[in-house]
Amino acid sequence: MIVEGEGLMRLSESEWQIMNALWQRYPASARELIERLPKNINWAYTTLKTMLTRLVAKNVVSERKRANTSIYEPLITRSKARRNALQSLMDQAFDGAMGPLMHFLIEDQKLSKKQRQELLQLLQNENSEK
C-alpha cells in the first residue's frame, strides 16, 4: 500500500535505483529486485539487503515476511519521491525559490522550442484549472 506522507524524504542515488526497480512491480523479494536493477549495478545480495533495511528505516519501503523471505513494497509513490527530490534541489541550489529554478531551466539549459511550448502549455493548463 502506497501512502503519501508528510515531510521531506531524501533518497541517495543507490536508493533511487532500488526504488525504480520496486516501482516496476511490487511486492517483490530482494532476489526479484536484484534482477531488475540496471545491468551496470553489480551489488552483492547482502548489499541490496542492507540498502532495503535503510529504506525500511526511512519509512519509504515496507517489509513483511512470507515464510523465510522478506517481501518489500513501496510506501511512497514515484511522484511523491520526485516532488521531494525537486524540493530538495530547489532548497539547496535555489534558496527554495521556484523562480530562479525556472529561469535556470529555461535560460541556462537552452530548452528547445518544443520543450518551451510544452512548458508553456503545462503552465497554461495549471492556470486554467484553478
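Colleague: Where is Y26 found?

Modeller: Y26 sits in the loop between α1 and β1. Keep in mind that this is a predicted model.

Colleague: Why does Y26 count as partly exposed?

Modeller: Its relative accessibility is 34%. Buried means under 20% and exposed means over 50%, so Y26, at 34%, counts as partly exposed.

Colleague: What joins Y26 and P27?

Modeller: A cis peptide bond, with omega at about 0°. P27 is also in the loop between α1 and β1. As background, most peptide bonds are trans.

Colleague: How far apart are Y26 and P74, in sequence and in space?

Modeller: They are 48 residues apart in sequence, and 7.7 Å apart in space from C-alpha to C-alpha.

Colleague: Let's step back a bit. How many helices and strands are there in the protein?

Modeller: There are 6 helices and 3 strands. Starting at the N terminus, the elements go α-β-α-α-β-β-α-α-α.

Colleague: What do the strands form, and in which order?

Modeller: The 3 strands make an open sheet, in the order β1-β3-β2, and the pairing is antiparallel.

Colleague: Why do β1 and β2 stand at the edges?

Modeller: Each has a single partner strand, so one side of β1 (28-29) and one side of β2 (61-66) are left without a neighbour in the sheet.

Colleague: How do you know that β1 and β3 pair?

Modeller: Count the bridges: 2 of them join β1 to β3. Two strands pair if there are at least two bridges between them, so β1 and β3 pass with their 2 bridges, and they run antiparallel. In this pairing, S29 stands opposite I71 in β3.

Colleague: And how many bridges are there between β2 and β3?

Modeller: β2 and β3 (residues 69-74) pair over 6 bridges, again in the antiparallel sense. R64 stands opposite I71 in β3, and R66 stands opposite T69 in β3. The hairpin of β2 and β3 has 2 residues between the strands, and A67 there takes a positive phi near 60°.

Colleague: What makes β3 largely enclosed by the rest of the structure?

Modeller: It comes down to burial: 5 of the 6 residues of β3 are buried, so the strand is largely enclosed. For the protein as a whole, buried residues make up 26% of the 130 residues.

Colleague: Which residues have the most contacts inside the largest nonpolar core?

Modeller: M19 and V60, in a core of 21 residues. The elements giving two or more residues to this core are α1, α2 (30-36) and α3, and α1 gives the most, with 5 residues. If you leave aside neighbours within four places in sequence, M19 is in contact with L11, L55, V60, V61, P74 and I76.

Colleague: Last topic: what is the phi of N59?

Modeller: It is near 60°, a positive value in a residue other than glycine. In general, most residues other than glycine have a negative phi. N59 lies in the loop between α3 and β2.

Colleague: Why is N59 called exposed?

Modeller: Exposed means over 50% relative accessible area. N59 has 57%, so it is exposed.

Colleague: What makes D95 count as exposed?

Modeller: Run the test again: D95 is at 74% relative accessibility, and the cut-off is over 50%, so D95 counts as exposed. D95 is found in the loop between α4 (78-93) and α5 (98-108). D95 has a positive phi too, of about 50°, although it is not a glycine.

How values were computed
Residues numbered from 1 in each chain as written. Predicted model: local features only at pLDDT ≥ 70, side-chain atom pairs only at ≥ 80, totals over all residues. Heavy atoms only, no water. Helix = DSSP H or I, 4+ residues; strand = E, 2+ residues; numbered from the N terminus. Core = buried A, V, L, I, M, F, W, Y, C linked by side-chain atoms within 4.5 Å. Buried < 20%, exposed > 50% of the residue type's maximum accessible area, 1.4 Å probe, protein only. Contact = heavy atoms within 4.5 Å.
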